[in-house]
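Here are a few exercises to work through with the model open beside you. Try each one before you read the solution.

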Amino acid sequence: MRTKQANFEISPEAGGQWLDLVLASPLDFSPISVVAGHKESDPFFASGSFLMFPWVNRLDPNPWAKEPFYPSVHWLTDGNGIPSHGLYHNLPRDLIFEMESDSRSEAHFSFRLPDSWKDTILSEIRVTESFVLTDHELKVRYRLENLSGKDFPFSLGIHPYFRWGTESYVDDLYLFGSGFYEVKLGDYLLPERLLDGTVRLKDEMKLEGRSMDHLYKSIEGTGQLGLFSIHRKEKLIVGGGHFFQVYIPNDRKSIAIEPMTSTGNFLHFSGSNPMDLPRDSEKTIEFFIRMDSF
């Protein structure tokens with residue numbers, strides 16, 4: 001996908017992995033690459049971006065731990081054996097709509113479900129993934145349709161790894177936000193309790209030397225987290241999540257900012273704010289990545 005000043009590339013056959021996102025500066029329209037694109041040699045969860053659904057991050061105990069979902073190539077676990085990032089992260093996509101112009105490009109994808117999922121609840125939850133690209137912004141939308149006769153609780157999020165142009169490491173970047181409470185994570189990175197006594201990420205925070213794998217809840221509805229570099233006058237804003245997980249890998253070459261509808265372990269944590277898709281209904285979830293200026 002491309003516009004006159006921006007471009008976005010994904011790999012539909014490889015789980016919809018993000019390969020590149022370049023947005024234009026609103027100041028001088030110079031191109032800025034903002035995603036640490038996935039490479040074939042990378043572990044799947046280590047770069048690019050992927051969909052987390054019907055749960056985000058970790059879920060234990062997990063009601064999906066049965067055939068045909070487990071065991072399968074769509075069931076992945078972390079180093080502690082906790083099932084991670086849902087079941088849709090590596091599903092191939094089929095393009096169902098595309099349009100392109102100098103000012104706006106759009107692409108919609110359906111998900112190619114395994115034959116073994118036929119007659120399961122997921123075969124009756126229709127998910128459409130859409131991307132809308134303009135010069136300064138990428139919108140990421142998920143339209144969910146419940147064609148079953150049952151209500152469907154779920155959590156949904158995306159897991160993009162960000163970088164800033166040609167900068168090799170994140171240590172010169174600053175993180176800022178719209179105001180959040182931290183959610184304390186315990187063993188195996190499962191949420192334990194909401195720390196609502198202190199507002200966090202209202203002011204800028206330099207990333208230099210910080211180790212992060214933290215979960216935050218927006219104080220007011222959906223929130224925004226952003227990045228900026230001391231070397232430029234632009235800022236990158238990520239929005240649409242009620243919760244955000246922020247993670248810096250050990251190599252410090254990128255930072256994952258993950259907007260989500262609910263927390264990990266959403267079926268077992270009282271503060272998870274799970275969403276419910278009533279039977280015979282539909283819902284749209286939208287996130288955005290925007291290049292702005294001070």
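**Exercise 1. Work out how strand β17 is paired and how well it is covered.**

Start on one side: strand β12 (residues 173-177) runs antiparallel to β17, and five bridges join the two. Strands here are DSSP runs of E with at least two residues, numbered from the N terminus, and two of them pair if DSSP finds at least two bridges between them. A quick word on ground rules: this is a predicted model, where local features need pLDDT of at least 70 and side-chain atom pairs count only at pLDDT 80 or more, while totals for chains, interfaces and linings use all residues. Residues are numbered from 1 along each chain as its sequence is written, and side-chain values use heavy atoms, with hydrogens and water left out.

Strand β18 (residues 234-241) is antiparallel to β17 over six bridges, and the two make a hairpin with four residues between them.

Last, check cover. Six of the seven residues of β17 (residues 223-229) are buried, that is, under 20% relative accessible area with a 1.4 Å probe, protein chains only.

**Exercise 2. Find the residues that touch the most other members of the largest nonpolar core.**

A nonpolar core is a set of buried Ala, Val, Leu, Ile, Met, Phe, Trp, Tyr and Cys residues joined through side-chain atoms within 4.5 Å. The largest has 63 residues, and W18, F53, Y88 and L207 touch the most other members. Follow L207: leaving aside neighbours within four places in sequence, its contacts (heavy atoms within 4.5 Å) include L173, L175, L227 and I248. Another core, of nine residues, lies apart from the largest one; F50, V56, L185 and M260 are among its members.

**Exercise 3. Describe the largest cavity and what lines it.**

On a 1 Å grid over the protein atoms alone, a cavity is a set of points where a 1.4 Å probe fits but cannot get out, and lining residues have an atom within 4 Å of a point. Grid points are joined across faces, edges and corners, and the volume is the space filled by probe spheres set on them.

First, count: there is one cavity of 30 Å³ or more. Next, volume: the largest cavity holds about 40 Å³. Finally, lining: N57, R58, L185, L189, P191, L215, Q245 and G264 surround this space.

Definitions and conventions
On a 1 Å grid over the protein atoms alone, a cavity is a set of points where a 1.4 Å probe fits but cannot get out, and a pocket is an open set with protein on both sides within 12 Å along at least five of seven lines; lining residues have an atom within 4 Å of a point. Buried means under 20% relative accessible area, exposed over 50%, partly exposed in between (1.4 Å probe, protein chains only).
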